[in-house]
Amino acid sequence: MSKEFICIVCPNGCHIKVDDSGNITGYTCIRGLNYVKQELVNPRRGLTSTFKVSKGKNLVCPCRSSDNVPKDKMMEIIKEIDKLDVEAPISLHQVVIKNVLNLGIDIIATKEIEKDE
């Protein structure tokens with residue numbers, strides 16, 4: 001059974017096909033080819049979310065993964081982020097979860113949050 005992918009690596013959005021023999025067609029750059037090869041074996045995505053902040057001028061802080069995470073682990077990681085309640089101040093790029101789920105990936109704050117005085 002052949003599969004079709006829409007590449008998300010660059011703005012071209014190539015429609016890439018993989019036939020029953022494993023032949024890959026439709027990509028216009030090497031990044032598209034590598035994307036589909038990765039998707040076939042271990043699909044990964046960048047993860048963004050927010051976590052709770054206590055004693056801060058904001059109640060939540062945006063965060064992201066330091067690298068793409070396995071797609072099948074995203075909900076587990078979100079559950080770990082939902083458990084957070086980090087006390088302000090929070091600095092930009094502060095690691096709020098080190099090595100989440102032992103994946104070698106950190107969860108990083110993407111905004112500075114000052115302490116509420």
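Good morning. The model is predicted, so local features need pLDDT of at least 70 and side-chain atom pairs count only at pLDDT 80 or more, while totals for chains, interfaces and linings use all residues. Residues are numbered from 1 along each chain as its sequence is written, and side-chain values use heavy atoms, with hydrogens and water left out.

I begin with the overall fold. The chain has two helices and 10 strands; these are DSSP runs, numbered from the N terminus, with helices being H or I of at least four residues and strands E of at least two. Along the sequence their order is β-β-β-α-β-β-β-β-α-β-β-β. The C-alpha atoms fill a box of roughly 60 × 25 × 20 Å, taken along the principal axes. The radius of gyration of the chain is 18 Å, whereas a compact globule of 117 residues would have one near 13 Å. That radius is taken over C-alpha atoms, and the globule rule is 2.2 Å times the number of residues to the power 0.38.

Which residues of α1 are buried? They are Gly-32, Leu-33, Tyr-35, Val-36 and Glu-39, where buried means under 20% relative accessible area and exposed over 50%, with partly exposed in between (1.4 Å probe, protein chains only). These residues lie on the same side of α1, because they cover an arc of only 160 degrees around the axis, the arc being that of the directions from the helix axis to the C-beta atoms. The buried residues of α1 pack against β1 (3-6), β2 (15-18), β3 (24-25) and β4 (44-45), contact meaning heavy atoms within 4.5 Å. The face turned away from the buried side carries the exposed residues Ile-30 and Val-41.

Finally, the cores. A nonpolar core is a set of buried Ala, Val, Leu, Ile, Met, Phe, Trp, Tyr and Cys residues joined through side-chain atoms within 4.5 Å. The largest has 20 residues, of which Phe-51, Ile-81, Ile-90 and Ile-107 touch the most other members. Its largest share, three residues, comes from α2. A second, separate core of nine residues includes Phe-5, Cys-14, Val-18 and Leu-33. Thank you.
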